[in-house]
Amino acid sequence: MRILGIESSCDETAAAIVEDGDTLLSNVVRTQIDIHKVYGGVVPEVAARSHIEVVNAVIDQALTDARLTWKDIDGIAVTYAPGLLGSLLIGTLSARTIALQKNIPLYPIHHVEAHVYANFITKQAEHLSLSLPKEQPKFPMLALIVSGGHSQLVLFKDHGDYTLLGQTQDDAVGEAFDKVAKILGLPYPGGPSIAEAATKGDPRAYQLPKAKLQGAYDFSFSGLKTAVLRAVQREVGVDTSFPSFELSARLNDVQRANFAASFQHTAIETLVDKAEKAFHDYSPASVVIAGGVAANQELRTQLQERLPLPIEYAPMQLCTDNGAMIATLGCFYAERMRPISPLSLEVQPSLSMTHTAWHTS
Ligand code: KG4
Ligand code: ZN
């Protein structure tokens, strides 16, 4: 079964084709990072307009790269939740139109759940050269999902059968990376630029707090972000009324690198503490990480050091937003669920992954 996956929930327009839930035939990602960089974050209206400009070309390219035509495609999987309303509309309207016109079954995919499925891609067409895991994860599978909008620990018993163990009570971890990068004067997106600056810094230079929460597997990153802000204010000798956007100009490169390293170390250690506890409490057969922050090398290293089972990580390119993860989940979904009518698919900008069709049908 060959599924075309279409993703447009935030600032990447992406399309990919996956065969039988494990083989990547093409993977096209058009990022808008350069467009949003000047604003220091994603501007929703600009994102939606940029998706319109490239979506058809991205989909065509996915077919061309896979050397396939529409008659080779058995289903279209598209992100319908969660994400930016205008951005989601472009991907879903494109998918609905093609499904209707070409009479191809259409499957609605939850973006956060799909991030986990980047870990199920173990084979690829010759023209691709990703460094992929050798085997698919086994169930029960513990998934640490860490992106710009989500921080969750989820226990999967099977495809579509999972329990949310814990989640962030305020900011997502990727959001904390992005906000701390702004405080430090590092470019958007904050995750990669903090990781880069941190390689030259001392992770023990500043003592930063870890949040204590009631839920054993819940997270909180808003306090850590504020702690970085206060520590920077103290370091440069200003009080809390000083405009935060002027702080970074007073930091030198050594201080900036030390703050990046100290923040990254504490944020990642918090994630790994909770993942380690869940591992010991639930004894999963495999552990996966998913979402943009899963591209973080410090997370990969700390997690492998602390857990007693070998972890196969998905390549960095499949951790940030892409169509391959949508198509892969689409394959498993299509085997188990009926397609949705192209006329009735609606976007759901804030739907939780515990309320998808798996759980309501
Ligand atoms: O999954 P994603 O591409 O989009 C969402 O669904 O949110 O995740 C984007 C997030 C951003 O917050 C970005 O700063 C973060 O992932 N990120 C990283 C790294 N690469 C991307 N965070 C830490 N280290 C990285 N290397
Ligand atoms: Zn994402």
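The C-alpha centres of domain 1 and domain 2 lie 26 Å apart, which is a handy place to start a walk through this predicted model. Domain 1 takes in 2-137 + 317-360, while domain 2 covers 141-311; these bounds come from an automatic or database domain assignment. Before going further, a word on conventions: residues are numbered from 1 along each chain as its sequence is written, and chains are lettered from A and ligands numbered from 1 in the order in which they are written. Local features need pLDDT of at least 70, side-chain atom pairs count only at pLDDT 80 or more, and totals for chains, interfaces and linings use all residues, with side-chain values resting on heavy atoms and with hydrogens and water left out.

Let us look at how the domains meet. In contact (heavy atoms within 4.5 Å) are 25 residues of domain 1 and 24 residues of domain 2. About 2000 Å² is buried between the two domains, and carbon and sulfur atoms give 70% of that area. Buried area here is the accessible area (1.4 Å probe) that two parts lose on being put together, summed over both. On the domain 1 side, Val116, Cys319 and Met353 lose the most area to domain 2, together 25% of what that side buries.

Now turn to ligand 1, whose shell draws at least three residues from each of domain 1 and domain 2. Of the 18 residues around the ligand, the ones that come nearest are His115, Gly148, Asp178, Gly191 and Asn296; a residue counts as near if one of its heavy atoms lies within 4 Å. The shell divides into 4 nonpolar, 12 polar and 2 charged residues, with Gly counted among the polar ones. Helix H4 (111-116), helix H5 (173-184) and helix H6 (190-198) each supply at least two of the shell residues; helices (H or I, at least four residues) and strands (E, at least two) are DSSP runs, numbered from the N terminus.

The distance is 2.8 Å for glycine 148, 2.9 Å for glycine 191 and 3.0 Å for glycine 292. The protein covers 88% of the 550 Å² of accessible area that ligand 1 has on its own, by the Shrake-Rupley method with a 1.4 Å probe.

Finally, some backbone details deserve a visit. A cis peptide bond, with omega about -25°, joins alanine 81 and proline 82, and proline 82 sits in the loop between strand E4 (75-81) and helix H3 (85-102). Another cis bond runs from tyrosine 188 to proline 189, with omega near -5°; proline 189 belongs to the loop between H5 and H6.

Technical notes:
Polar contact = N/O pair within 3.5 Å; in protein donor to acceptor, adjacent residues only side chain to side chain.
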